[in-house]
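Dear colleague,

Please find below the structure that I am handing over to you.

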Amino acid sequence: MKIINIVCSGDLHQEISFQRLVEIPAESYRYDPENYHGAYILISGGKVTLYRSGKYIIYGLKSLDQIDGAYQEFLNIISPIIERGDATAPKVQNIVGMEDFGIPINLSRFVIAEGMEQVEYEPEQFPGVVYRGEVGTALIFSSGKVIFPGFKDLDSMKRAAAELKERIDGI
């Protein structure tokens, strides 16, 4: 299972004055209030969207092991404009993974075998099957590649992949 993206969020528990962003290095942030109301803090493994309320979203990470380092880097960058002690560590909100089953998948046959309760297949709109399994959702492509969006932990994502592979092998 390859992780494509991890999204986590947290709260600094303080209002952020975006006028003070000039106190951090210019290469560390992007803020254009005409385009978006949040500021982007650039970290080595991804990005952070920071809001005036103090809430933040870290995204673009590829490993759960990166979360703490990304959080600490974010805090170090914005430390001139916040009280670090008030901040709370981020919680994982979404993990997106990808698995290559290594075999072509006949999507029409899969849809017929599974029935319409668990699948959506409109090839004119989207080139894959949206499968809603017991454990979570998967986007299945005829190439054998499968995207697993919206998971909160790796174990449930791996269970979903194993369940789906078993179903595909059975058709």
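**Strand pairing and the sheet**

S9 has K91 of β6 as the residue opposite. Please bear in mind throughout that this is a predicted model.

Strand β1 covers residues 2–11, strand β6 covers residues 91–100, and the two run antiparallel, joined by 7 bridges. Within this pairing, N5 has V96 in β6 as its bridge partner. Strand β1 also pairs with β5, again in the antiparallel sense, over 5 bridges. There, C8 faces I58 of β5.

These pairings belong to an open sheet of 10 strands with antiparallel pairing. The order of the strands is β2-β3-β4-β5-β1-β6-β10-β9-β8-β7. The edges are formed by β2 (29–30) and β7 (119–120); each has a single partner strand, so one side of each is left without a neighbour in the sheet.

**Helices across the sheet**

Two helices lie across strands of this sheet. Helix α1, residues 66–78, lies across β1, β3 (39–43), β4 (46–50), β5 (55–61) and β6. The direction of α1 is at about 120° to β3. Helix α2, residues 107–114, lies across β7, β8 (128–132) and β9, and runs at about 25° to β8.

**Individual residues**

V7 is part of strand β1. Its relative accessible area is 19%, and V7 therefore counts as buried, the cut-off being under 20%. Leaving aside neighbours within four places in sequence, V7 is in contact with I57, I58 and Y59, and also with K91, V92, Q93 and N94. V7 and K62 are 55 residues apart along the chain, and their C-alpha atoms are separated by 9.6 Å.

Two residues in the loop between β1 and β2 also deserve a mention. L21 is found in that loop and is buried, with a relative accessible area of 1%. Not counting residues up to four places away in sequence, L21 touches Y29, Y31, A39, I41 and I81. From L21 to I81 there are 60 residues in sequence, while the distance in space is 7.3 Å, C-alpha to C-alpha.

H13 has its place in the loop between β1 and β2 as well. H13 is partly exposed, at a relative accessible area of 47%. Although H13 is not a glycine, this residue has a positive phi of about 55°.

**The cavity**

The structure holds 1 cavity of 30 Å³ or more. The space in this largest cavity comes to about 40 Å³. Its lining is made up of Y131, G133, E134, V135, G136, T137, A138, F148, A160, E163 and L164. Two or more of the lining residues come from each of the elements β9 (137–141) and α3 (154–169). The largest share, 3 residues, is given by α3. Sorted by class, the lining has 6 nonpolar, 3 polar and 2 charged residues.

**Points to look at in the model**

When you open the model, which residue stands opposite S9 in β6? The pair to display is S9 and K91.

With kind regards

Methods:
Residues are numbered from 1 along each chain as its sequence is written. This is a predicted model: local features need pLDDT of at least 70, side-chain atom pairs count only at pLDDT 80 or more; totals for chains, interfaces and linings use all residues. Side-chain values use heavy atoms; hydrogens and water are left out. On a 1 Å grid over the protein atoms alone, a cavity is a set of points where a 1.4 Å probe fits but cannot get out, and a pocket is an open set with protein on both sides within 12 Å along at least five of seven lines; lining residues have an atom within 4 Å of a point. Grid points are joined across faces, edges and corners, and a volume is the space filled by probe spheres set on the points. Helices (H or I, at least four residues) and strands (E, at least two) are DSSP runs, numbered from the N terminus. Ala, Val, Leu, Ile, Met, Phe, Trp, Tyr, Cys and Pro count as nonpolar, Asp, Glu, Lys and Arg as charged, and the others, Gly among them, as polar. Two strands pair if DSSP finds at least two bridges between them. Contact means heavy atoms within 4.5 Å. Axes are lines fitted to C-alpha atoms, for helices over the stretch in contact, and angles run from 0 to 180 degrees between N-to-C directions. Buried means under 20% relative accessible area, exposed over 50%, partly exposed in between (1.4 Å probe, protein chains only).
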